[in-house]
Amino acid sequence: MNNFVKAFTSIVTVYGAHYGSLKLYNEFCVPDGVWGFFSGIVTTGSPGCNLALKVAEYTGTTYTSIISVGITRLVLDLLV
């Protein structure tokens, strides 16, 4: 595989995990409405919801790093 395909696959994988974990957290841990407010008191502290938040946190950091490194690489390629 060439470098572009590897980079694109990494970005899609990290962003997909980030997006999926946040959607899962929103749907099951803090649902909308009055029922969601009251059920969130119990579900927010559950191990599954904690895992979803940790995945979102780590993949968000990784995604930011990927973007920063990619922009730096583009700038350096243009300068050199």
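Predicted model: local features only at pLDDT ≥ 70, side-chain atom pairs only at ≥ 80, totals over all residues.
1. Start with helix 1, which runs over residues 3-29. At 1.5 Å a residue, its 27 residues should span 39 Å, and the end C-alpha atoms sit 38 Å apart, so the two values agree.

2. Have a look at how helix 1 begins. N2 caps its N-terminal end, with a side-chain oxygen placed 2.8 Å from the backbone nitrogen of V5.

3. Which residues of helix 1 are buried? They are V14, H18, S21, Y25 and C29. As for what they pack against, the buried residues of helix 1 meet helix 2 (33-43) and helix 3 (47-79).

4. Now for the charged pairs. Side chains of opposite charge can pair when their charged atoms come close. How many salt bridges does the structure hold? There are two.

5. An α-helix has 3.6 residues a turn, so residues three or four places apart point the same way. E57 is partly exposed, at 42% relative accessible area, and K54 is partly exposed too, at 37%.

6. The other salt bridge links the side chains of D77 and R73, at 3.1 Å from N to O. Both residues belong to helix 3 and lie four residues apart, again about one turn. Are they exposed or partly exposed? D77 is partly exposed, with 45% relative accessible area, while R73 has 54%. Exposed means over 50%, so R73 counts as exposed.

Technical notes: Residues numbered from 1 in each chain as written. Heavy atoms only, no water. Helix = DSSP H or I, 4+ residues; strand = E, 2+ residues; numbered from the N terminus. Expected span 1.5 Å × (residues − 1). Buried < 20%, exposed > 50% of the residue type's maximum accessible area, 1.4 Å probe, protein only. Contact = heavy atoms within 4.5 Å. Polar contact = N/O pair within 3.5 Å; in protein donor to acceptor, adjacent residues only side chain to side chain. Salt bridge = Lys/Arg side-chain N within 4 Å of Asp/Glu carboxyl O.
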